[in-house]
Amino acid sequence: MGAEAAIWAIFFLPLASFGVIALIIRPFLNRHYALSGFVLIVPLAAALGLSIWALRAVIVGQDLDFDPHLWLEVGSATIEMGLLVDQLTAIMLIVVTGVSLMVQVYSLGYMREDTGHARYFAYMALFTSAMLGLVLSINVIQLYVFWELVGVSSYLLIGFWHERPAAAAAAKKAFIITRIGDVGFLIAILYLFLQADQFAAENLNAFHIPDIWQAAQPVAMGGAILGGTALTWFALGIFSGAAGKSGQFPLHSWLPDAMEGPTPVSALIHAATMVAAGVFLVARFYPVFQASEDALTVVALIGAFTALMAATMALVMNDIKRVMAYSTISQLGYMMAALGVGAYGAAVFHLLTHASFKALLFMGAGSVNHATGTFDMRYMGGLWRRMPLTYVLMVVAGLSLVGIIPLAGFWSKDEILTGAWNGSGLVDGWVSRVTFVMLLGGVLLTAFYTFRMLYMTFHGEFRGGVDRELEVQEQATRDEATRGPAAPDQVPATSGLSGQHALVHLAESPVAMVAPMLVLGVAAVFSGYLVNPQWVKEFGIPGHWISEFLLTGVEHAAPVLADRIELHDFSRWIATISTVVAVAGLGLGALLYWRRQDGRQVPRRDPLEAAGPVHTLLSQKYYIDALYEGALVRRAFYRIIAGTLDWIDRNLVDGTVDAVGWIFRNIGSVIGRLQTGQVQAYGTAIALGSLLILLGLLLF
Amino acid sequence: MVTGYTGLLTATVFLPAVGALAILLVVRGERNIRVFAVLIALADLVLALAAFFLFDHSDGADRFQFIDKFAWISSETLNASFFLGVDGLSVPLIALTGLLGLCAVLASWRISLRVREYFVWLLILQTAVMGVFASLDLLLFFLFWELELVPMYMLISIWGSGRKEYSAMKFLIFTILGSAFMLVAIVAVFVTPGVGTFDMTLLSTSGSMLTSAATLIPLGGIFWLFLVAFAIKLPVWPLHTWLPDAHSDAPTAASVMLAGVLLKMGGYGILRINVGMFPMETHKFAWALITMGVVSVIYGAVVTMRQTDLKRLIAYSSVSHMGLVMVGVGSVGVAQGELTLAGLNGAAMQLFTHGTITGLLFLVAGLVYDKAHTRYIPDLGGLASRMPIVAAAVLVAGLASLGLPGLSGFVSELLVFMGAFQAYAWPTVLAVVGIVLAAGYILWMIERTFFGRRPDRFSQLTDASLVEALPLGLLMISILAVGIYPSFLSDVFASGLEPIVAVFNGGG
């Protein structure tokens, strides 16, 4: 009882913060700036403490099976809410509460000047609570509930500065695109309900996640209620939801736009937690995915393709947050690909390390923005002297992202590559080999864009920040007024403007922002080596600790299939190859960007523009947004389909109604003329009518 | 034969009418009339909630409770009684009517034209709708059904805006057309040899009485006559075009009542009469029901996208959402295995949840129109920064409308989909796509009206006052309550629908 209450408290603590901020602080105490922040931070710290306790309880094998609670029972549909605390959940709890706590502390500094801080922290509390509910869910409908609540918190936070049209549009886009993925997820749930009777015959509940694992196991294991093609479609339905949330191709296009939200939001939601929820979802249903080679093949190939494609777009972005957004999509692709090829532990391990270094990178971008007022790297440069701490931390996080030994990112990426190289019994050999090649290509691109991002931001001459950006924009507007409209690509991007720090003050950011960055920096350096030493015991932690730990969860759920997953020993060859590739990427970046004269140009010219049409293709994001929004939504759907139906509705459907009305009005006037008042005429009509009726009666 | 007298329902149904009479004869002064109307509506809500919470939905309880029954017309040829009573299907709708009735009266606070008449009609409307849900005699049901037309016609044509006379007349003609069909059907049921009663409890519990009888018109014909009457009211494509006109030209309170409870009479009629009294025919024509439902869902949603008038947009979204009721009812077409309660329960839940959600949306639209003096969406924008309370309300209502879990709309949609998927998987998948469209038009509407740059002319807008915020708060609380813990509502509906489902599964 005590244990159950403690774990529920992890979820309810931030939820209570949401209630207090939304119902008391926002209406009555909105002027007290830091109050709502602390109302969230203190319960979050408690939740982190409880999460650490929960992890310990899982490690020592304490019994954490609790009876779920009935939520809704309609006929044969029994929907329960309960806690599922296994190895995966325990790790996720630490990631979510830990990163969220750091981000909230950082927000105290970053959002200081924003008057909407109570609303901000209320949304953040709602998000954190929903995310914790998501990882704790034992029931698939419960999981779906929190899944959507996470989505709506993301909607509210992306659109936090809702008076900015770009932010409002980005929020809507994020919600709708993820919802398209969720249709598949929902249909998968409906399919479960269709099988409810078979589940019930085995004494299982169709919505209970451990029961679903059981049902997907081969017949020998007392399962196979789900099997064959149906199981593959079910798994793909789940994956469709996961692809939407985790920004996998072709549902990736909302994530870069989501950068319109405040930067700490990007750090928490669009780097570390919510976007990782898709990876979590596939991992959560891994015992089901394992049973379908086809589904895993799709996951692996989509993941690998996304990893590569998103990295190419990150090469040419000028907005530092967009570089990181594409980088995030790419890294999520690594995790998905890892799940696809059977490297289950490596995927979740990478989720963990990525959460630390990517959240740090976003915080660094926010710190840089705090100083320069812009996110456009063409107006930055030379910041390392003014912001040494931010610089060092960004370099550490960046190299961790690239995968340079011995930083955290190296260990997790290496384990993914090793897994892909060796393959597993779950998918065909060619799938894992193709995945390996694509992921290795991704390493080269990652190293290149990371170097470019760090160099453009911190090195060379300072190019004036937001002040210069605004000057250039005004100049462009004046030129446009005199010379007619400029070509779209000549107008500088305005999206980098935050609208709130309209002054350049080059200095290190306040302690509230730098301190959480330091904490994450420590994690970005050490987390990989410490939790998952690859070949030796370190400080009493056995080799492959986290992978082994996670696998015991899957083995418990799916004993037979999990045997096909192997943990591979650290391979010097693969580590060498990936390091060579990474260093090559960095070197290529240095070759192109180091000490070039164009480092002084304002705005900085990008040597990659020499690539001409390729550069255009990439900076236009392969024209995918143009296809989705311009061709499909605006033209095909809104103008043609909706326009036609609307026309039909007004003219045919309603027109018929009006026409009928018109006919009756005019019949009325015709009949009115018949009413002459002549009794003889009425009499004749009555007689004729009676005759007709009589005739009718005689005939029938 | 059920008999008895408790008086609770008679009081619930007629209190607003008595209040209307008092306003007509006794109460003097516009302010007094307003306060008095609020008090009457509040008292009626208390009575309705009493009926809801005192209703015993445990197993083994009587199906129909709070019976008020008197002989009314008893001759050799006609045998009708004044017969009120509720079961699990109708008692939540009584509560909904009480809730929205109070909201409608509160939303009428600023009415200044012919105040006395206005509140008289509004309260009579409430009596009529309460009567429809509480009647257990077909003739009485029909009388209340007709009674509702007059006040609504008056409210639209006198206190409306735009082409109000046209819209009021359109509403009237459509509904009377439906009533004509219904009257023929009622007579056909009554004159069937061996029936001779208007008692809905007898007609629905012993479904076999109607199926075996040699009726004047084939049973399928009677089924369709009823269905057309209710489908117009719901409304179902292609009988929906009166709705956008009536809504966009009606005053706020009338829109709230129209979308919130009047449409629900159609859905209630389908569940109570079509499904309850003609189970075989419902099963036979389930494919038609689900087709109409899916077409309404998709067509309604797509046409909603094109709307530029805030109230018309909400009206078309109602067409889409009421289509889900038909989809849920279509679940009875399940070919093999037992009929699950989910679909019908979802349809009934959808009636309730859509009532509160759309009621809230129309309240918001009314407030926007009152303050910004326009409902034309391209002219609006950025209202959230001036109206945080209204913005919170539109977010809650909008997110509930697009089926966000944790809010009420999700529960009913989920149940509808679960039920219908068992019977017709692919049409249900189409209907599920409707939730993406719903997310599209709702979020786009919110973006265009409440977010983005605020035109300068709106810089002096004020947020909702206390009287205006009160109904917003009431509906938001009910939306959250049903979303977070739906069982308190779904269990009641289930107790009313279980006898009906039992008939389908060969019992009862």
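Two residues count as in contact here if their C-beta atoms, placed from the backbone, lie within 7 Å. Keep in mind that this is a predicted model.

**Exercise 1.** Work out how many residues of chain B are in contact with chain A, and which elements of chain B they come from.

*Solution.* Start with the count: 42 residues of chain B touch 38 residues of chain A. Next, look for the elements of chain B that put two or more residues into this side; they are α14 (286-305), α16 (342-372), α18 (408-423), α19 (425-450) and α21 (487-504). The top contributor is α19(B), with nine residues. Finally, sort this side of chain B by residue type: you get 26 nonpolar, twelve polar and four charged.

**Exercise 2.** Decide how helices α3 (residues 87-110) and α11 (residues 263-272) of chain A run relative to each other.

*Solution.* First get the geometry: the two axes come within 8 Å and cross at roughly 165°. Angles over 145 degrees count as roughly antiparallel, so that is the label for α3(A) and α11(A). Their crossing is right-handed. Now for who meets whom: α3(A) brings residues including Val99(A), Val103(A) and Tyr106(A), and among those they meet in α11(A) are Ala267(A) and Leu268(A). By type, this contact has nine nonpolar residues, three polar and no charged.

**Exercise 3.** Check the radius of gyration of chain B against that of a compact globule.

*Solution.* For 508 residues, the globule rule gives a value near 23 Å; chain B comes in at 22 Å, so the two agree. Last, burial: 64% of the residues of chain B count as buried.

Terms used:
Residues numbered from 1 in each chain as written. Chains lettered and ligands numbered in written order. Predicted model: local features only at pLDDT ≥ 70, side-chain atom pairs only at ≥ 80, totals over all residues. Helix = DSSP H or I, 4+ residues; strand = E, 2+ residues; numbered from the N terminus. Nonpolar A, V, L, I, M, F, W, Y, C, P; charged D, E, K, R; others polar. Axes fitted to C-alpha atoms, helices over the stretch in contact; angles between N-to-C directions. Parallel < 35°, antiparallel > 145°, perpendicular 65-115°, else oblique. Left-handed = near helix turned anticlockwise from the far one by under 90°. Rg over C-alpha atoms; globule rule 2.2 N^0.38 Å. Buried ≥ 20, exposed ≤ 12 C-beta atoms within 10 Å, placed from the backbone.
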